[in-house]
Amino acid sequence: MSVSLKSVASLTAALLLTTGAALAQTKLNVYTALENDQLAPLKAAFEAANKGIEITWVRDSTGIVTARVLAEKANPQADVIWGVALSSILMFDKEGILEAYAPKGIEDLKPSFRDEASAPKWTGMDAFLSFIAVNQPEFAKTGAAPVKGWNDLLQPQLKGKLVMPNPASSGTGYLQVAGWLQSMGEDKGWAFMDKLHDNIGVYTHSGSAPHVQAAKGERTASVGIDMRAVKEKNNGAPLDVIVPADGVAWDMEATALVKGRPNAEAAKKLIDFTVSKEAHEQYAKFYAVVGRKDVNAAPKNYPADAEAKMLKVDFGKMAADRDRVLAEWTRRYDGKSAPKN
């Protein structure tokens, strides 16, 4: 009897080890454009609650991630898209790359952060806006009038002193270009950007880099992602964070499940986590506007009127126009883009 019990115990232990090894081998390829300092806390929180599932990040700027997902359409390598602009997510859906899934807790998201389809293909996480930041000591040297709206960036005193993201490689850059074109109309939008180009010193490949340069005084004024401008100001940089009076361009970061991948059940657990309160509390450390109704995110020095000035955006049009707009933007302005690493 004792031998039999020992055998059962040995067999049970072997099965447990085998099961544990199998679970440990469940690795999810997660494509993301989240900032690097967001990745470790999100990975740790998810893996702590989902033993045996491991996240492998594939991280780049929104434009690069978007191009990669589309290039891999015939043989997808991502299991989950987590933290990529909604305008890009809609492109993936149009190409048939996404699988419908309604995650647990979707009802706790604000309506604007949910796919309206009965079989949702995406859920929103947070909104990112495009702010102007002005380095006041540097700006005072120019003699230019105060910046209150977009046209104030066209003053000749600011020639070569501005920085903004390249829309072909930065989601923040693309949402800003799309915002100008949608709010001003195509002809006036391109005419505005022609004049703005005269004052641009460089187009960066990151939505946060422009505000970092302005904070250091390397550029006089910047256009870029809202939370980086506020972060630099809160860290002591002499920045004025400006919500343009004529409206703020914005996009939403979203999450989606990739169709046909072998680890779909584990991937669905990750999608569930992305809409959880725990995940949104992490998003709220980096974004002022998040998807859940029960998480308040606005940090110190975040402009109180920002949400009220968010432009009405047609995200479907942003997605549909992307290739055409980026080709035209590149033709006109790419000569001032920073070298790619």
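The structure is a predicted model, in which local features need a pLDDT of at least 70 and side-chain atom pairs count only at pLDDT 80 or more, while totals for chains, interfaces and linings use all residues. Residues are numbered from 1 along each chain as its sequence is written, and side-chain values use heavy atoms, with hydrogens and water left out.

## The chain as a whole

The protein chain has 12 helices and 11 strands; helices (H or I, at least four residues) and strands (E, at least two) are DSSP runs, numbered from the N terminus. Along the principal axes, the C-alpha atoms of the chain fill a box of roughly 95 × 40 × 40 Å. The radius of gyration, which is taken over C-alpha atoms, can be set against a globule rule of 2.2 Å times the number of residues to the power 0.38. For 341 residues, a compact globule would have a value near 20 Å, and the 23 Å of this protein chain agrees with that.

Of the 341 residues, 52% count as buried, where buried means under 20% relative accessible area, exposed means over 50%, and partly exposed lies in between (1.4 Å probe, protein chains only). The chain exposes about 15,100 Å², and carbon and sulfur atoms supply 53% of this area; accessible areas come from the Shrake-Rupley method with a 1.4 Å probe, and for residues only the protein chains shown count as cover. Among the contacts with a separation of 6 or more, 76% are between residues 24 or more positions apart, a contact being heavy atoms within 4.5 Å.

## Strand S5 and its partners

Strand S5 covers residues 123–135, and 13 of its 13 residues are buried.

| Partner of S5 | Residues of partner | Sense | Bridges |
|---|---|---|---|
| S8 | 221–225 | antiparallel | 5 |
| S9 | 239–242 | antiparallel | 4 |
| S10 | 250–258 | antiparallel | 6 |
| S11 | 289–290 | antiparallel | 2 |

Individual residues show where these strands meet.

Strand S8 is mostly covered, with 5 of its 5 residues buried. Besides its antiparallel pairing with S5, S8 pairs in the parallel sense with strand S6 (residues 162–165) over 2 bridges, and in that pairing Val 163 stands opposite Ser 222.

Helix H8 spans residues 209–216, and its buried residues include Pro 210, His 211, Gln 213, Ala 214 and Ala 215. The buried residues of H8 pack against S5, S6, S7 (200–204), S8, helix H9 (226–234) and S9. After H8 comes Gly 217, whose phi is positive, near 80°.

Thr 172 is found in helix H6 (residues 171–184), and with a relative accessible area of 5% this residue is buried. Leaving aside neighbours within four places in sequence, Thr 172 is in contact with Phe 128, Pro 165, Gly 207, Gly 224 and Ile 225.

Leu 90 lies in helix H4 (residues 86–94) and, at 21% relative accessibility, counts as partly exposed. When its neighbours within four places in sequence are left aside, Leu 90 is in contact with Trp 122, Phe 315, Gly 316 and Ala 319. The C-alpha atoms of Leu 90 and Gly 160, which are 70 residues apart along the chain, are separated by 35 Å.

Gly 260 lies in the loop between S10 and helix H10 (264–274), and its relative accessible area of 66% makes it exposed. Although Gly 260 and Ile 242 are 18 residues apart along the chain, their C-alpha atoms are separated by 44 Å.

Conventions: Two strands pair if DSSP finds at least two bridges between them.
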